[in-house]
Amino acid sequence: MPTLATQTAQRFTTRQLLLIDGERVDSIDGGTIEVIDPATERVIAHVAEARAADIDRAVAAARKSFADARWRGLTGDARARVLLRFAELIEAHAEELAHIDTLDNGMPLYMSRGAVAGAALQLRAFAGATTRIVGRAVSNAISLPGEYHAYTRREPVGVVGLITPWNGPLPTLITKLAPALASGCSLVVKPSEITPLSALRVGELALEAGVPAGVLNVVPGVGGDAGAAMANHGDINKISFTGSTAVGKELVRASAGNLKRITLELGGKSPCIVFDDADMAKAIPGAAMSVFMNSGQACIAGSRLFVERKAFDKVVDGVAQVAKNLKVGNGFEEGIDLGPLISARQRDRVASYIEAGRKEGGEVVTGGDSAGTSGFFLNPTVFANVGRDATIMREEIFGPVIVATPFDDVEELVEVANDTSYGLAAGIFSTNVNTVHKLAARLEAGNVYVNGYAMFDPTMPFGGMKQSGWGRELGEEGMDAFLETKSVWLAL
């Protein structure tokens, strides 16, 4: 009997084509991307590779659909109905989509299933937002002589390029796609060339739901080619990007050509803080999974663990025990907690950080080695006694590696927790409400999680400070990112 992984892979035995203007089409030069299953190292699909000329085609289709008002010209209620149908189709194909991301990314099935459920929730939330895109009348506030009627309009920003990462293929796509469609924009989506499969399937479901041809185009391609073409394209009005800070800076420079709007959700080196009064039954597994979730391949990973000194040994021992008990393996297997890293390159990169930590005097409490004989697996790793300026304390590792450091007082803690160029997330575990609120106000992070970690909801904005990004996704702020405000004046 075929395994789940085999059954899923059988969907992709034929070459996967681009989705442009409602049709599956090959790339102009016939280039191909090989997609690898990170759990087995096997090629699972061949996908047409979009290059600059294909980006031009996709942008032209999106621009035409925007000019024709195929989508933005609908009433908010009409767009909402399509988005609600889209959510229904996501749920109807939940297992298929979860299996695709587990095969493509390697994450355990429990994670990919949760991501699909969250995607449907986001589509429904932003379907409701379509009828709240309204302007305001300001006639009574006009101070000019004479009589005037003035009002504002909220309009879609135009053609939007969505560039999504490999570490959360489907959920990151929907986080961008839902508010962009709700606002009336037309889209060109470039999923990571490493994990392009779920984006192509989502594009098909969008068409089935009633999103008009040309409004949502999906063009997998390599960042330095397809991504650069999008960043430099004069007919794209906005880019929404999730990925590394280094690439984010390149996008900022490229966007200057036509001053396109840009939203950036970038890297992190987040502090996770445990006070000695914390509920350790929550704090220890919470701190462990703040970084081990998705094998550490999360921008919000709480990779710097700060523990009040009185509780340091207890917490470090507890986190190490959690790490030892986590089952690492193929995400399709029963009871798996952590899947592989995404590629051999990423595995080797993380391994090099572990070696650097050892050379710089860090103590490996547990882990630090490979898991299995095939696949890109690493065991979750806990470091202690690492210097403040050590490489693994300063740089984003993007793997299952946590560095534990004791602290003695809050002033010391705030200084060291904020001593980073990043500012995406932070975690606090304490039962003292005063401690929590005072510290949350002082941490330089766009998201602060208390007595838990990695909480998300479509109503709450998500984004970073400092070099962790520009702008916000989700919430009202996430919708605003895809809208322009126009002022209209009438002299009476």
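Reply: Begin with one residue and its neighbours. This is a predicted model. Take Ile90: beyond residues up to four places away in sequence, Ile90 touches Leu97, Val116, Ala119, Ala120, Leu123, Val202 and Leu205.

Me: Which residues touch the most other members of the largest nonpolar core?

Reply: The general idea comes first. In soluble globular proteins, nonpolar side chains tend to be buried together. Here the largest nonpolar core has 59 residues. Phe86, Ile90, Leu123, Leu177, Leu181, Leu187 and Val202 touch the most other members.

Me: How do I read burial along a helix? Which residues of helix H8 are buried?

Reply: Ask which positions fall under 20% relative accessible area. In H8, residues 223–232, these are Ala226, Gly227, Ala229, Met230 and Ala231.

Me: What covers the buried residues of H8?

Reply: The cover includes helices H2 (52–67) and H9 (245–255). It also includes strands S6 (159–163), S7 (186–190) and S9 (238–242).

Me: Now the whole chain. How many helices and strands are there?

Reply: The protein chain has 16 helices and 21 strands. Its radius of gyration is 23 Å, close to the 23 Å from the globule rule for 492 residues, so the chain is as compact as a globular protein of that length. Buried residues make up 56% of the 492.

Me: What share of the contacts joins residues at least 24 apart in sequence?

Reply: Count contacts between residues at least 6 apart in sequence; 72% of them join residues at least 24 apart.

Me: And the surface? How much of it belongs to carbon and sulfur atoms?

Reply: The accessible surface comes to about 19,600 Å², and 51% of that belongs to carbon and sulfur atoms.

Notes. Residues are numbered from 1 along each chain as its sequence is written. This is a predicted model: local features need pLDDT of at least 70, side-chain atom pairs count only at pLDDT 80 or more; totals for chains, interfaces and linings use all residues. Side-chain values use heavy atoms; hydrogens and water are left out. Helices (H or I, at least four residues) and strands (E, at least two) are DSSP runs, numbered from the N terminus. The radius of gyration is taken over C-alpha atoms; the globule rule is 2.2 Å times the number of residues to the power 0.38. Buried means under 20% relative accessible area, exposed over 50%, partly exposed in between (1.4 Å probe, protein chains only). Contact means heavy atoms within 4.5 Å. Accessible areas come from the Shrake-Rupley method with a 1.4 Å probe; for residues, only the protein chains shown count as cover. A nonpolar core is a set of buried Ala, Val, Leu, Ile, Met, Phe, Trp, Tyr and Cys residues joined through side-chain atoms within 4.5 Å.
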